[in-house]
Structure formats: structure tokens, C-alpha cells
Amino acid sequence: MSMKSDSPQQAVLKDSLTATQPAISAPAYLHHLKQCDHLTLWDGTKCEVWELDVPADAACLSEWASCFRQTYCPDSDIDILREGTGKSRAEYLLDLVFPDKSAAPGPAIRAGDFAELLVSDFVEYILGYWVPRGKYAEKGSRDESVKGVDIIGFKCANADQPMPTDEMLTFEAKAQ
């Protein structure tokens with residue numbers, strides 16, 4: 001489905017992606033998000049639906065993969081962490097860090113982590129919340145979900161002075 005050019009959500013998406021970010025700019029793949037028609041839930045509530053039209057652009061996909069990889073293991077840490085394993089960087093990540101590609105429950109964990117990271121990027125770069133992501137690098141087991149809330153986002157005018165207007169979002173993500 002195509003995105004309506006005059007929708008308020010489209011304007012937010014464009015503003016968020018073109019605005020100067022204080023630390024890290026939005027990943028290029030977010031430019032490929034498209035808002036679809038709303039779904040109407042059983043109680044009449046409208047639910048936004050977004051679709052990711054995965055880009056065929058190799059540079060965009062490489063940047064995206066790098067962002068995801070560094071969520072699990074920052075470049076600054078990988079050599080220290082793999083020391084003594086005898087594994088290359090790629091072997092270390094594939095064998096010890098990323099959820100298993102084929103042996104259960106790895107594929108389900110992989111899909112869940114992927115969905116959480118997509119929603120985290122949306123919440124951070126589109127909605128403007130700070131989203132902590134340390135849990136992926138601190139997993140006790142690569143093939144296990146981290147217990148607790150999947151995604152938390154914070155929006156504070158001044159982190160040093162909490163205000164009643166500060167906001168916190170929580171999300172539970174599901175994927176197959």
C-alpha cells in the first residue's frame with residue numbers, strides 16, 4: 001500500500017528523519033517505512049499499521065546490518081570479548097553471540113530480537129524517545145529472550161530535573 005503524502009504521520013516521519021539528531025542520525029532504512037491503512041480493532045479503536053519496504057540498496061542494507069550487529073556486540077568490544085576463543089570476529093558473532101540461525105529456539109529468538117530492534121528504531125528516531133538497548137549485548141544465552149519489558153522509551157525535557165510531563169512508553173513485540 002502506498003503512503004498518503006499529506007498524512008500527519010508522513011510529516012512526522014519526514015521531520016524526524018531530516019532533523020538533526022544530537023548523537024546518531026536515523027538509519028537510512030527508516031526512509032523505507034510506509035504507513036498503511038489503519039486497522040480497526042474489535043472495540044472500534046484505530047490502530048496504525050506501518051510496512052517496511054526493504055531496500056535493494058547495498059549501502060543501506062550494510063548500514064542496517066552494522067547497526068543491528070553493534071547492538072549485540074559493539075565494535076569497540078569484540079576483540080576483547082573474543083580473545084582466547086580462537087575465533088575470527090565473524091565466527092565469534094555467529095557461533096557465540098547471535099541467536100542460532102537454524103537450531104530451535106534460535107530462529108524464533110532471532111525473529112523476536114529483529115522485531116524489537118525495528119520497533120526500537122521507530123520509537124527512537126520517529127517518535128523521538130530515548131530507547132536503551134544494552135540488553136542484547138548482555139544476554140545470558142544467545143538463544144534466550146531477555147526477560148522483562150521488550151522496549152522502553154523515555155522522553156524528558158531535562159533528565160536532571162524530572163517533571164510530571166516526562167513520558168515513558170513500553171512495548172511488547174511479537175514476531176514469527
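**A buried tyrosine and its surroundings**

Reply: Tyr-136 has a relative accessible area of 4%, under the 20% limit, and is therefore buried. The model in which this residue is seen is a predicted one.

Tyr-136 has an aromatic partner, Tyr-72. The ring centres of Tyr-72 and Tyr-136 lie 5.9 Å apart and the ring planes stand at 65 degrees, so this pair is edge-to-face; the cut-off for that class is over 60 degrees. Tyr-72 belongs to helix H2, whereas Tyr-136 sits in the loop between H5 and strand S5 (151–155), so the pair ties together parts that are 64 residues apart in sequence. Tyr-72 is likewise buried, with a relative accessible area of 9%.

Tyr-72 also pairs with Phe-98. Here the ring centres are 5.3 Å apart and the planes meet at 80 degrees, so this pair, too, is edge-to-face. It links distant parts of the chain: Tyr-72 is in helix H2 (residues 58–72), while Phe-98 is in the loop between helix H4 (89–97) and helix H5 (106–126), and 26 residues separate them. Both Tyr-72 and Phe-98 are buried.

Within H4, the residues Tyr-92, Leu-93 and Val-97 are buried. These residues cover an arc of only 95 degrees around the axis, which puts them on the same side of H4. Among the elements that cover the buried residues of H4 are H2 and helix H3 (75–82). H2 is also the helix in which Tyr-72 lies.

The packing of H3 against H4 can be described in turn. Two packed helices are described by the angle between their axes and the distance between the axes. For H3 and H4, the angle is about 85 degrees and the axes are 10 Å apart. The two helices are therefore roughly perpendicular to each other, since angles of 65 to 115 degrees fall in that class. On the H3 side, Ile-78, Asp-79, Leu-81 and Arg-82 take part in the contact, and they meet Arg-89, Tyr-92 and Leu-93 of H4. By class, this contact of H3 with H4 comprises four nonpolar, no polar and three charged residues. Tyr-92 and Leu-93, which meet H3, are also among the buried residues of H4.

Technical notes:
Residues numbered from 1 in each chain as written. Predicted model: local features only at pLDDT ≥ 70, side-chain atom pairs only at ≥ 80, totals over all residues. Heavy atoms only, no water. Phe/Tyr/Trp six-rings, centres within 6.5 Å; stacked < 30°, edge-to-face > 60°. Helix = DSSP H or I, 4+ residues; strand = E, 2+ residues; numbered from the N terminus. Buried < 20%, exposed > 50% of the residue type's maximum accessible area, 1.4 Å probe, protein only. Arc of directions from axis to C-beta. Contact = heavy atoms within 4.5 Å. Axes fitted to C-alpha atoms, helices over the stretch in contact; angles between N-to-C directions. Parallel < 35°, antiparallel > 145°, perpendicular 65-115°, else oblique. Nonpolar A, V, L, I, M, F, W, Y, C, P; charged D, E, K, R; others polar.
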